[in-house]
Amino acid sequence: MKAAAFSVFGPPEVLRLTELEVPQAGLGEVRVRVKTAGVLPFDCRVRGGWTPPGLTLRFPEIPGNEFAGTIDQLGEGVEGFSVGDEVLGFTTLKCYAEYMTVSADQVVLKPEDMPWEVAGGFSGNGQGAHLALKALGVGEGDTVLIHGAAGGLGTFAVQLAKAWGAKTVIGTASESNHEYLRSLGAIPVCYGAGLADRVRAIAPAGVDAALDAAGPEALRASVELVKDKSRIRTMVSFELAAELGIPPVSGTRTAGRLAELVRLYAQGQLRIHIRRAYPLRQAADAHREVESGHGRGKVVLKID
């Protein structure tokens, strides 16, 4: 099979199209013929030399931790799925490939009307936003501030906050993405000096919870605006969060969490913008785009 893999750590160009053996489904696993795989900052960190806790990387290593495709082999003991089922799911590595194996409890059925590009880029940012907003206790009547609101995770976070009853969602983004945020139900504000004052003008009664997916400036503004630090989280500025006494996001991805997100999608409460879909052979270009930190929505790989 073909896979986008790397045999040394380094910049995006270490990702090469590689021929590897097709894996076989083991006990409790399904094998998926992958159609699309999402590209996340997590993948770029692994390619650059970071090893996720509890894992050992072996070259050639295949990045990617969210995917969609068709089940083409069932391992022993798998129930509830059949060969030919269209699914989406999550794992930690191995998704940038024509075939992959994954535990059957890490996939859910894909809605018929969900495009493959959306399905492949759905699980990672979707579950990340779900974990963070649950930790923040977002619910009825809240005023919620989402930094980096036009990005892959921010897009999910804005819509989840609205679906869970938030009264006001304020989203920081570059001005070119403001109309997009309005279409998601958020009130947009610009980054930069005076951010906290601009948010206060929109929410004079205060901000109940804040999620940072933008960086240190956004996290510091959140501390100014939210009285209770237990209702602030960051997905990017971990060292600064520790200094400021901001709790980390904890929890794990689960099929149940993903199934809830899929239900919200089917009900029309979640929609995902695909910024660009690259062919597998251009995985390095996809990484460059994600690492640029610019643009709205998701970047995915198409694996035909």
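This is a predicted model: local features need pLDDT of at least 70, side-chain atom pairs count only at pLDDT 80 or more; totals for chains, interfaces and linings use all residues.
Residues are numbered from 1 along each chain as its sequence is written, and side-chain values use heavy atoms, leaving out hydrogens and water.

**Still on α6 and α7**

I found α6 at residues 195-202 and α7 at residues 216-225 (helices are DSSP runs of H or I with at least four residues, strands are E runs of at least two, both numbered from the N terminus). Their axes are 9 Å apart and the packing angle is about 45° (axes are lines fitted to C-alpha atoms, for helices over the stretch in contact, and angles run from 0 to 180 degrees between N-to-C directions). That is why I call α6 oblique to α7 (under 35 degrees is roughly parallel, over 145 roughly antiparallel, 65 to 115 roughly perpendicular, the rest oblique).

Which residues of α6 meet α7? I read off Leu-195, Ala-196, Val-199 and Arg-200, and they meet Ala-221, Glu-224 and Leu-225 in α7 (contact means heavy atoms within 4.5 Å). By class, I have 5 nonpolar, no polar and 2 charged residues in the contact of α6 with α7 (Ala, Val, Leu, Ile, Met, Phe, Trp, Tyr, Cys and Pro are nonpolar, Asp, Glu, Lys and Arg charged, the others, Gly among them, polar).

**Stepping back**

I then looked up the whole chain, which has 10 helices and 14 strands. Along the principal axes, its C-alpha atoms fill a box of roughly 60 × 40 × 35 Å.

**The parallel sheet**

In what order do the strands of the open sheet of 5 run? I traced β10-β9-β8-β11-β12, with parallel pairing (two strands pair if DSSP finds at least two bridges between them). At the edges I found β10 (187-189) and β12 (232-234), each pairing on one side only. From one strand to the next, the twist averages 15°.

I zoomed in on β8 (residues 143-147) and β11 (residues 209-212): they run parallel, joined by 4 bridges. His-147 has Asp-212 in β11 as its bridge partner. Across β8, β11 and β12 lies helix α3 (residues 123-136), at about 150° to β11.

**What else α3 touches**

I followed α3 to α4 (residues 152-163), where the axes come within 8 Å and cross at roughly 50°. That makes α3 oblique to α4, and the crossing of α3 over α4 is right-handed. From α3, the contact uses Asn-125, Gly-126, Gly-128, Ala-129, His-130 and Leu-133. From α4, I listed Gly-152, Leu-153, Phe-156, Ala-157, Leu-160 and Ala-161. The contact of α3 with α4 has 7 nonpolar, 5 polar and no charged residues.

How far apart are the axes of α3 and α9? I get 10 Å, and the helices pack at about 100°, with α9 covering residues 255-266. So α3 is roughly perpendicular to α9. On the α3 side I see Ser-123, Gly-126, Gln-127, His-130, Leu-131 and Lys-134, which meet Arg-257, Leu-258, Glu-260 and Leu-261 in α9. By class, the contact of α3 with α9 has 3 nonpolar, 4 polar and 3 charged residues.

**The antiparallel strands**

Next I checked β3 (residues 29-39) and β4 (residues 66-74), which pair antiparallel over 7 bridges. Thr-36 stands opposite Ala-68 in β4. I also found β4 running antiparallel to β5 (residues 86-90), with 5 bridges joining them. Phe-67 has Gly-89 as its bridge partner in β5.

Where does Pro-60 lie? I placed Pro-60 in the loop between α1 (41-48) and β4. The peptide bond from Phe-59 to Pro-60 is cis, with omega near -5°.

I also jotted down Lys-94, which has a positive phi of about 85° although it is not a glycine. Lys-94 sits in the loop between β5 and β6 (99-103).

Key
A crossing is left-handed if the near helix is turned anticlockwise from the far one by less than a right angle, and right-handed if clockwise.
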